[in-house]
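Let us walk through this protein step by step. Start with one residue, then widen the view.

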Amino acid sequence: MALGEFELIQHYFADLTAQVNYSPLVLGIGDDCALLAPDPAHWTAVSTDTLVAGVHFPENTPAADIGWKALAVNLSDLAAMGATPSWFNLALTLPAADSEWLRQFCDGMAQLIQLFPIKLIGGDTTRGPLSITITVAGQLPAGKALLRSGAKDGDSVFVSGYLGDAGRGLQLWQLNNASHPVEHHLIQRLLRPQPRLTLGSSLLTLANSCIDISDGLFGDLKHICERSAVQAQIDAALLPLSADLLNDLEPAQAIKLALTAGDDYELCFTAAAEHEVAIFKLSDALGVPVTKIGQLFACDDLTQPGITILNYSASESESAFQHFKANA
Ligand code: ADP
Ligand code: MG
């Protein structure tokens, strides 16, 4: 049987270095970032993400958007841990040294760095099919990080921003349909995700668990459920859908994308009821919408952590993007 992305990581890599002791390591494979403790006061969060042309972005994507997105998806993993960016490494594989393409690629990256300062400290440049691999690092106070494993029975489930826009943006891009401002905006949501770094670091004292939504809410919330041994009940009628998405699609189609399409790079986090008022105040102060979409429950059967979706047909809720699975 072919292994999916997560079974493959578990099967081949999770135990590869089990016998090697590396004392600064606080947290290894399995969360949005690994955590290292370089000194008693700080933790460093580290993560790597690759974008491959034709897989993670359409081949004809403008170079500036590729530069923005390659860094943004990595910063999003730092946001999911509550970390503040410090440095990144850039490994670039290019079919040709096209100076205009490179200038625009760097411009896109620089636009994001202006918003979220981070230092490029090294990398690698090779010739081949276009692919961008970035390793990012960020800082946290020691002992504080938002983990997938921290969710508690009774927590409320929240998401930032609006879901499904990037999924619709990809469909529109593939249909070559950006003529209307609504469609243009949805495509921009695909090409220029906004890493929720300020929200993530502000949630360090409020949330019990967090993940960024790269593969779709259903699949990513499932990672929190599995790691925290809890069940989630969410209500499809509460999912935050943008006016643009609802302008462009029937509500049922919009909800399906909000649950299963990737690339939104919003945060999904859980928190105790006592912090709800502070979370909505924070959302107002940052100007980042936050929506409560459900609740967590203790898991009676620890082999079956999962998600129940109210107001949605269960058979449609099974898919989330996974490399090497049938949907990839
Ligand atoms: P994310 O979607 O947050 O970027 P992934 O789903 O890519 O996370 O990866 C899940 C976990 O598996 C992460 O902790 C990541 O570091 C780890 N991982 C992924 N691929 C490998 C690999 N080839 N070797 C070791 N760890 C890996
Ligand atoms: Mg992630």
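Asp65 counts as buried because its relative accessibility is 9%. Buried means under 20% relative accessible area, exposed means over 50%, and partly exposed lies in between (1.4 Å probe, protein chains only). This is a predicted model, in which local features need pLDDT of at least 70 and side-chain atom pairs count only at pLDDT 80 or more, while totals for chains, interfaces and linings use all residues. Residues are numbered from 1 along each chain as its sequence is written, chains are lettered from A and ligands numbered from 1 in the order in which they are written, and side-chain values use heavy atoms, with hydrogens and water left out.

Where does Asp65 sit? Look in helix 2, residues 63-81. Helices (H or I, at least four residues) and strands (E, at least two) are DSSP runs, numbered from the N terminus.

Now look at its partners. Asp65 touches Leu191 and Arg192, leaving out residues up to four places away in sequence. Contact means heavy atoms within 4.5 Å. The side chains of Asp65 and Arg192 are also joined by a polar contact of 2.7 Å. A polar contact is a pair of N or O atoms within 3.5 Å; within protein, one must be able to donate a hydrogen and the other to accept it, and residues adjacent in sequence count only if both atoms are side-chain atoms.

Move to Thr61. Thr61 lies in the loop between strand 3 (42-52) and helix 2. Thr61 counts as buried because its relative accessibility is 7%. Beyond four places in sequence, Thr61 is in contact with Ile66, Trp173 and Leu191. Thr61 and Trp173 are 112 residues apart in sequence, yet 9.4 Å apart in space, C-alpha to C-alpha.

Leu191 belongs to the buried residues of helix 5 (residues 181-191). Others among them are Val182, Leu186 and Ile187. The buried residues of helix 5 pack against helix 2, helix 4 (165-174) and helix 8 (243-248).

Now step back. The protein has 10 helices and 12 strands. Its radius of gyration is 19 Å, close to the 20 Å that the globule rule gives for 328 residues, so the protein is as compact as a globular protein of that length. The radius is taken over C-alpha atoms, and the rule is 2.2 Å times the number of residues to the power 0.38. Of the 328 residues, 49% count as buried.
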